[in-house]
Amino acid sequence: MIAIGADHGGYLLKEEIKKYLDERGIAYRDFGTFSEDSVDYPAVAAQVAHAVAGGEYERGLLFCGTGIGISIAANKVKGIRAAVCSDAFSAEYCRRHNDANILCLGGRVVSPEKGRELVGIYLDAPFEGGRHSRRVGMIADIEEGRL
């Protein structure tokens, strides 16, 4: 199951991605926002990030105007590896090499069609493990103050 959320800048793209997830039969929980009224993205990012880090959801999708602010906020939660992507290669390799558990997209940067493409690539790409597991482990070491 996927956790999703957006601020006002990412609301329309989130709504488009919900349709895409429905088409693919992928279950999700929408943590909001539920309109284009202004909201603070850190609060939405925190809800989704804690739900993913806590193991309630396998992965997350977050949307704001650029994807940047909401990713910065999500990455403050221990165990989260949120990646901002606007191209297919990055959407694939944030999973394959970085085991990204949240994909962040910008509703003012990424078209609905591109958003659907990137989400599909992200959700379908496996983590390759191997040498990349060591590096992801090093990221956890940074969080724990060991590196």
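Is D141 buried, partly exposed or exposed? D141 is partly exposed, because its relative accessible area is 25%. This value comes from a predicted model.

## The D141 pair

D141 forms a salt bridge with R146. Their closest N and O atoms are 2.8 Å apart. R146 is exposed, with a relative accessible area of 56%.

Salt bridges with shared partners also join K14, E15, K18 and D30 into one network.

## Other salt bridges

The structure holds 16 salt bridges. One of them pairs E23 with R116, with 2.4 Å between the closest N and O atoms. E23 sits in helix 1 (residues 11-24) and R116 in helix 5, so this pair ties together parts 93 residues apart in sequence. E23 counts as exposed, at 57% relative accessibility.

K114 and E117 also meet in a salt bridge, at 3.2 Å from N to O. Both lie in helix 5, three residues apart, which is about one turn of the helix. K114 is partly exposed at 28% relative accessible area. E117 is partly exposed too, at 35%.

## Helix 4 against helix 5

E117 also takes part in the contact between helix 4 and helix 5. The axes of helix 4 (residues 88-96) and helix 5 (residues 112-124) come within 8 Å and cross at roughly 25 degrees. Angles under 35 degrees count as roughly parallel, so helix 4 and helix 5 are roughly parallel to each other. Their crossing is right-handed.

On the helix 4 side, the contact involves A88, A91, E92, C94 and R95. Helix 5 contributes E117, L118, I121 and Y122. By class, the contact has six nonpolar, three charged and no polar residues.

Technical notes:
Residues numbered from 1 in each chain as written. Predicted model: local features only at pLDDT ≥ 70, side-chain atom pairs only at ≥ 80, totals over all residues. Heavy atoms only, no water. Axes fitted to C-alpha atoms, helices over the stretch in contact; angles between N-to-C directions. Helix = DSSP H or I, 4+ residues; strand = E, 2+ residues; numbered from the N terminus. Parallel < 35°, antiparallel > 145°, perpendicular 65-115°, else oblique. Left-handed = near helix turned anticlockwise from the far one by under 90°. Contact = heavy atoms within 4.5 Å. Nonpolar A, V, L, I, M, F, W, Y, C, P; charged D, E, K, R; others polar. Salt bridge = Lys/Arg side-chain N within 4 Å of Asp/Glu carboxyl O. Buried < 20%, exposed > 50% of the residue type's maximum accessible area, 1.4 Å probe, protein only.
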